[in-house]
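Subject: Structure handover

Hi,

Here is the structure I promised to pass on.

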Amino acid sequence: MNTKKILLLLTATLTLAQAAFASGVAGYPNDTFQADLTNKVSLQNGAKYFINYCAGCHSLQYQRYNRMFKDLDIDPEIGAKNLIFTGAKAVEQMHTGMSAAEGLKWFGQTPPDLSLTARAKSGAYIYNYLRGFYLDDTRPLGFNNSIFAGASMPNPLWELQGIQKPVYSEEKTCATVDGKETCETHSTLTGFDIVTPGILNKEDPAKNKEAYDQVVYDITNFLSYVSDPSALDRMRMGPWVLAFLAFLTMIFYLLKREYWRDIH
């Protein structure tokens, strides 16, 4: 391979890396995500969807129910009635009802705890991952994922999203080596086609996609909160801390002037 080809390869690799860094993931879809921890409605909806669709397999072992109720302005009685299905008390951690042995038996590996996933892999990863499931008959459970190829889990939100199949585009590249031209065809996933519509809006797939994207945003927003619950406290205390520092700076300035007045 000559120098020109090496430079072209490095340029292409750098471009792909920059695109993946900008969105937080590599692959399709690769949309950006920005958490909004001040949106209590979004966080409450995210908690509702997570408990109903994800908590059967995944735990949030570093989060407690009563802390979630307090932070998200959820009435404790309503929260205990609608968001605790394992028989746990509100002061307990949010463990799943499925044992590690059952997860290993059914999925080939124990479903991971998701408490810190938003910090470890970014909100963009979760947001795009939950939108990247598609039909794949070669997988044991019939689903694959465009963000995490070979994912062991099926799509937990399939009835909301609908069932989709991948759409690929083919690109042919040719290179001449030692006077002989060789060509290769590469397939790239560029989108999805809906096979079975989701229940959020069966009549209009475009509106169902928009509604589903909002559901996934709320779940991701909730997991972003779970990964750092103290962020809400910092956001609430931040303006008061800055005001205190400004007041303290003024006091120190006046004290400095008073101290140096007699010296000069």
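To start you off: in which helix do D213 and K209 both lie, and how many residues apart are they? Both are in helix α9, four residues apart, or about one turn of the helix. (Helices are DSSP runs of H or I of at least four residues, strands are runs of E of at least two, and both are numbered from the N terminus.)

Some ground rules before the rest. This is a predicted model, with local features needing pLDDT of at least 70 and side-chain atom pairs counting only at pLDDT 80 or more, while totals for chains, interfaces and linings use all residues. Residues are numbered from 1 along each chain as its sequence is written, and side-chain values use heavy atoms, with hydrogens and water left out.

**Salt bridges**

D213 and K209 form a salt bridge, with their closest N and O atoms 3.0 Å apart. (A salt bridge here is a side-chain nitrogen of Lys or Arg within 4 Å of a carboxyl oxygen of Asp or Glu.) D213 is buried at 15% relative accessibility, while K209 is partly exposed at 48%. (Buried means under 20% relative accessible area, exposed over 50%, and partly exposed in between, using a 1.4 Å probe and protein chains only.) These two also belong to a network of salt bridges that links D31, R131, K209 and D213.

The whole structure has seven salt bridges. One of them joins the side chains of D73 and K40, at 3.2 Å from N to O. D73 sits in the loop between α3 (65-71) and α4 (76-83) and K40 in helix α2, so this pair ties together parts that are 33 residues apart in sequence. D73 counts as exposed, at 53% relative accessibility, and K40 as partly exposed, at 26%. There is also a salt bridge between D228 and R234, whose closest N and O atoms are 2.7 Å apart; R234 is partly exposed, with a relative accessible area of 47%.

(For charge, Lys and Arg count as positive and Asp and Glu as negative; His and the chain ends are not counted.) What does D218 touch, not counting residues up to four places away in sequence? The answer is S42, N45 and G46. (Contact means heavy atoms within 4.5 Å.)

Leaving aside neighbours within four places in sequence, N221 is in contact with F33, A35, D36, L37, N39, S42 and L43.

**The annotated site**

UniProt, in an unreviewed entry, lists C54, C57 and H58 under "binding site". (Its positions are in the numbering used here, feature names are shortened, and annotations may be inferred rather than shown by experiment.) The lining of the largest pocket includes C54, C57 and H58. (On a 1 Å grid over the protein atoms alone, a pocket is an open set of points where a 1.4 Å probe fits, with protein on both sides within 12 Å along at least five of seven lines; lining residues have an atom within 4 Å of a point.)

C54 lies in the loop between α2 (40-53) and β1 (60-64), and H58 is in the loop between α2 and β1 as well. C54 is buried, at 9%, and H58 is buried, at 11%, whereas C57 is partly exposed, at 26%. Apart from residues up to four places away in sequence, H58 touches F50, T96, P111, P112, L114 and M153.

I51, in helix α2, is buried with a relative accessible area of 8%. Setting aside residues up to four places away in sequence, I51 touches L83, F85 and M94.

**Cysteines**

How many disulfides does the structure hold? There is one, formed by C174 and C183 with their sulfur atoms 2.1 Å apart. (A disulfide is a pair of cysteine sulfur atoms within 2.5 Å.) The torsion about the S-S bond is about 105°, so the disulfide is right-handed. C174 is partly exposed at 43%, and C183 is partly exposed at 37%. C54 is in no disulfide, and the nearest cysteine sulfur, that of C57, is 8.8 Å away. C57 is in no disulfide either.

Cheers
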